[in-house]
Amino acid sequence: MTLVDYMITLLFAILIVAFIVMVSILIGLYLFDRFQPTHSILRNFPLLGRMRYYLENMGPELRQYFYNNDREGRPFSRDDYDHIVKSAKYQRNVIGFGSKRDFRKSGYYVRNAMFPRQMEELRMDRETQVKTKKYILRKELLFAQRDERLIDDSTQAYLLSEEDTKIVGEKTKNPWKVRSLIGMSAMSFGALGSHAITALSEGLHLAKGTWMNTGEGGLSPYHLQGGADIIMQIGPGLFGVRTPEGEFNWEELKKKSQIPQIKAFELKLAQGAKLRGGHVDAEKVTPEIAKIRLVKPYHSIDSPNRFQQFHDLPSLFAFVEQIRAVVEKPVGIKIVIGSYEEAEELAHYIKQTGQSPDFITIDGGEGGTGATYQELADAVGLPIHSALPLLDAALRAAGVRETVKIFASGKLFTPDRIAVALAMGADFVNIARGLMISVGCIQALKCHSNACPVGVATTDPNLQRALVIDEKKYRVVNYMVTLREGLFRLAAAVGIDSPTEFQRKHITYKDDKGVVYGLDEIYQAMVHPTLPESAQFHKKIRVMRREKVKS
């Protein structure tokens, strides 16, 4: 037998063995599928039924990249996502040909002026510059990576003028002066990794005039890394300000209050996507996280549904006063509104007692979270466009609107959405997921699993290496500056001198029949539906809609 014959025989034998092994595996899988008790499809269609599960697992990616159109995806559509990425990466939000918005659907619109302001006429800080880096796109190829280059850049910061500077906690010993209307919503270290928090901290500091909220997970060194202003949030779990027994630690609070970067404290009563206490599995409570939160490492953490320190408005406000006396800085509360009655009760108590938080953060039901239950995310808490007007109207009706500042949050990630919120009564706007996308989030929807593939919502060091801090921090700068610039651009279109002057009259609402309503009319109908004016408003709506349908 020649060497060639020997090789052919050996190859043939290998193929036979491989075929036998493959057939044996398939027979084994067939028998396993046929008699396993769990999956009905596999019992009736062994092997073939497995294709269903493969396709089901691939479904989210297939829909996101292939089947959903540009405005269908949730929580953020492809257009929403691209808008944030392009603003952050290229410091650019210019489009061509026309809007993709479906103007037949209902929605809010910014009311333009017949004679808009020139950008040079607006009241803003024109001196402060921001040093950043941005990408220049040279060529975009179909089957190759984009040809783009990262360059140094200097741009105007688009901060408020000195006279428009907003002050939080004017009556406190250390009031907080803010030169921007946009900042970072609450995001904890643990929910986000150290790389993401550091990139956000450094980027927000470079953008100037803005802030970041620590989330209820406590103050981490990564929040402090960049030097940005900080709102330290305290949740029912008291993470970062608790004793080993779980009681409130006043000494630790005093110690935190002496950190210059911390400008204010916030008591988190609720969150739009999660009106409940949180839970962290024991394996996620690393020694570093345990040290920051002042808990035992590798022990599961359960945060109560509410604070043990108070149970009603009198005890809440007493606790706020107690904290403010210790920290000598602004103290606010974070809430979710479920009805006008709740907002009215809060406003009346402020009026009757003269006690109040320095600010109220109102979170919409559409807000995000690292982990929650479906029923709470979908059904509990009003969305921001309903909740914010109710709170603002209740405070105004009680004559106490000027005593507190309002921070609003809930998918307010573009200049037009921010403008609508400001007109509805917000003083400031918080953004979370928009900033997550700016540092690389791709909406994998795995925040709760610690398996974020781009290293944003994970503490896994192997996954976090994907997020390069020195590159992503500049995307945070660009996104923030582009938002501010867009807000000033809208102010010019409306005919006002500054974004701080947005009012209800600058926003209109168009329904799906083309009928247009003023925001004041909608407010009246929402807050006092039984008044004659509200009845006339609803009658007007019915008549106009009938006429529109006939035409």
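Q: Are H13 and H16 parallel, perpendicular or oblique to each other?
A: H13 and H16 are oblique to each other, where angles under 35 degrees count as roughly parallel, over 145 as roughly antiparallel, 65 to 115 as roughly perpendicular and the rest as oblique. The axes of H13 and H16 (residues 469-494) cross at roughly 60 degrees and come within 9 Å. Axes here are lines fitted to C-alpha atoms, for helices over the stretch in contact, with angles running from 0 to 180 degrees between N-to-C directions. Helices and strands are DSSP runs numbered from the N terminus (helices H or I with at least four residues, strands E with at least two).

Q: What should I know about the model and its numbering?
A: This is a predicted model: local features need pLDDT of at least 70 and side-chain atom pairs count only at pLDDT 80 or more, while totals for chains, interfaces and linings use all residues. Residues are numbered from 1 along each chain as its sequence is written, and side-chain values use heavy atoms, with hydrogens and water left out.

Q: Back to that pair: which hand is the crossing of H13 and H16?
A: The crossing of H13 and H16 is right-handed; a crossing is right-handed if the near helix is turned clockwise from the far one by less than a right angle, and left-handed if anticlockwise.

Q: Which residues make the contact?
A: From H13 come Pro 415, Asp 416, Ile 418, Ala 419 and Leu 422, and from H16 come Thr 482, Leu 483, Gly 486, Leu 487 and Leu 490. Contact means heavy atoms within 4.5 Å. By class, the contact of H13 with H16 has seven nonpolar residues, two polar and one charged. The nonpolar class is Ala, Val, Leu, Ile, Met, Phe, Trp, Tyr, Cys and Pro, the charged class is Asp, Glu, Lys and Arg, and the others, Gly among them, count as polar.

Q: Nice. What does H12 pack against?
A: The buried residues of H12 pack against helix H10 (340-353), strand S13 (359-363), strand S14 (405-409), helix H13 (415-423) and helix H17 (519-527).

Q: How many residues of H12 are buried?
A: In H12, 10 of the 14 residues are buried, with buried meaning under 20% relative accessible area, exposed over 50% and partly exposed in between (1.4 Å probe, protein chains only). Among them are Ile 384, Pro 389 and Asp 392.

Q: What span should H12 have?
A: The 14 residues of H12 (residues 384-397) should span 20 Å at 1.5 Å a residue, and the end C-alpha atoms are 19 Å apart, which agrees. The expected span is 1.5 Å times one less than the number of residues.

Q: And what follows H12?
A: Gly 399 follows H12, with a positive phi near 75 degrees. H10 is likewise followed by a glycine, Gly 354, whose phi is positive, near 80 degrees.

Q: At what angle do H10 and H12 pack?
A: H10 and H12 pack at about 35 degrees, and their axes are 8 Å apart. H10 passes H12 in a right-handed crossing. On the H10 side, Tyr 340, Ala 343, Glu 344, Leu 346, Ala 347 and Ile 350 meet Leu 390, Leu 391, Ala 393, Ala 394, Leu 395 and Ala 397 of H12. That contact of H10 with H12 has 11 nonpolar, no polar and one charged residues.

Q: What else do the buried residues of H10 pack against?
A: Besides H12, the buried residues of H10 pack against H9, strand S12 (331-335), S13 and H17. The axes of H9 (residues 313-327) and H10 come within 11 Å and cross at roughly 60 degrees.

Q: Switching topic: which loop holds Leu 238?
A: Leu 238 is in the loop between strand S8 (229-234) and helix H7 (250-257). Leu 238 has a positive phi of about 60 degrees although it is not a glycine. Most residues other than glycine have a negative phi.

Q: Is Leu 238 buried or exposed?
A: Leu 238 counts as buried, at 1% relative accessibility.

Q: What about Leu 445, buried or exposed?
A: Leu 445 is exposed, with a relative accessible area of 52%. Leu 445 has a positive phi of about 60 degrees too, although it is not a glycine, and sits in the loop between helix H14 (433-438) and helix H15 (461-464).

Q: Last one: how many helices and strands are there?
A: The protein chain has 18 helices and 17 strands, and buried residues make up 47% of its 551 residues.
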